[in-house]
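Work through the following exercises with the sequence and the model side by side. Try each task before reading its solution.

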Amino acid sequence: MHCASIDLGGSKMALHFSIAGRVVQRERIEIPAGCVPQSILEQAVVLLCQQIALYGPINCLVIASAPTINADGTIIRWPNRPDWEGLAIGPAFRIEGVERVIWCDDGTAATFGDATVMRASNLVHFSLGTGVGGGVVYQGRMLPDRELGHLLVWPGGAPCSCGRAGCLQAYASFRSLDKFVASMGFSDEATLNHWRLRAVQALALATANLVELFRVEVICLGGGMLGRFPEIPHQVGMLLREPGYLKPSLNPPLVMHSPQGTEASVLGGLYLAQASHEVQNEICEGGIDNSRVSIRHVSNGMSFISMSSR
Ligand SMILES: [Zn+2]
């Protein structure tokens, strides 16, 4: 099986290609500020065509996306890159030699990949970057559309981009770090440590509730934040063992770096590309393939398949 995965983030587009589950090619396209989005898509299409010329048709391409993509494949929300909003990214990759294109949230792809690698039935992935993303796998199934960054950890606390105050994202993201440093007026080690302790506490609080709900066995942490603060997973794990977080009857989960490292989303996309159509339909927000079937996602976690008019 010949698969491809695209991770679309704020500063880069990463592309990975695999054959029979083995990664054969890794590419990266930088997305500089002010660039023309169409030119990035054109570069990606050139890379796909090169790959198809070398190894034959791509059976499935997964787009693991930071921006929100609707069921038709159009970017409908990307606060970091508003000039990309309205771009029909899904249809752009419907080219000769690509048999199926599907798309999902980048945190969802990373979570699916971690659960596959760890063979865990109950797993949570947190992506700590500009915001906080991630996902939940419960009893072996991905729960769609969970916004872990907006779990409430401190009512009335730090303001969040969603309009509420006290969300996890307001404590454990780069945006929160920047705001904290600005408010303190220092970026020395003591200030950074203070921020990190708050972030660890917020993650442990969110995790304690997720363990109660989903009996989570494994918590995987990924994202650029771990490059700066690699000790965070260990510290969250330690804090969860202190009184006041988990009920004594609950087993503390294993808290670890994502086994896929900084490539969790793009590698997770490759795992998803190799999954059955049934699993893909459950997880993805939309898709296009040769039979013009489009996958549409509805809010109760079920999916239905409808014929596209395209
Ligand atoms: Zn929020």
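**Exercise 1.** Does serine 265 count as buried or exposed, and at what relative accessibility?

Solution. The model is a predicted one, in which local features need pLDDT of at least 70 and side-chain atom pairs count only at pLDDT 80 or more, while totals for chains, interfaces and linings use all residues. Residues are numbered from 1 along each chain as its sequence is written, and side-chain values use heavy atoms, with hydrogens and water left out. The cut-offs are under 20% relative accessible area for buried, over 50% for exposed, and partly exposed in between, with a 1.4 Å probe and protein chains only. Serine 265 has 12% relative accessibility, and therefore counts as buried. Apart from neighbours within four places in sequence, serine 265 has contacts (heavy atoms within 4.5 Å) with Ser5, Asp7, Ala64, Asp106, Ala109 and Ala110.

**Exercise 2.** Find which residues of helix α5 are buried, and explain how they are arranged around the helix axis.

Solution. Begin with the buried residues of α5 (residues 174-184), which are Ser176, Leu177, Phe180 and Val181. Viewed down the axis of α5, these residues fall within an arc of 130 degrees, taken from the directions from the helix axis to the C-beta atoms, so they line one face of the helix. In general, an α-helix has 3.6 residues a turn, so residues three or four places apart point the same way. Turning to the other side of α5, one finds Asp178, Ala182 and Ser183 exposed. The packing partners of the buried residues of α5 are α4 (169-172), α6 (189-214) and α7 (225-228). Finally, just after α5, glycine 185 adopts a positive phi of about 80 degrees.

**Exercise 3.** State the bounds of the two domains, and say where the second largest pocket lies.

Solution. An automatic or database domain assignment gives domain 1 (2-106 + 264-307) and domain 2 (109-260). The C-alpha centres of domain 1 and domain 2 are 26 Å apart, and their contact takes 19 residues from domain 1 and 16 residues from domain 2. Both domains give residues to the lining of the second largest pocket, so this pocket lies between them.

Conventions
Helices (H or I, at least four residues) and strands (E, at least two) are DSSP runs, numbered from the N terminus.
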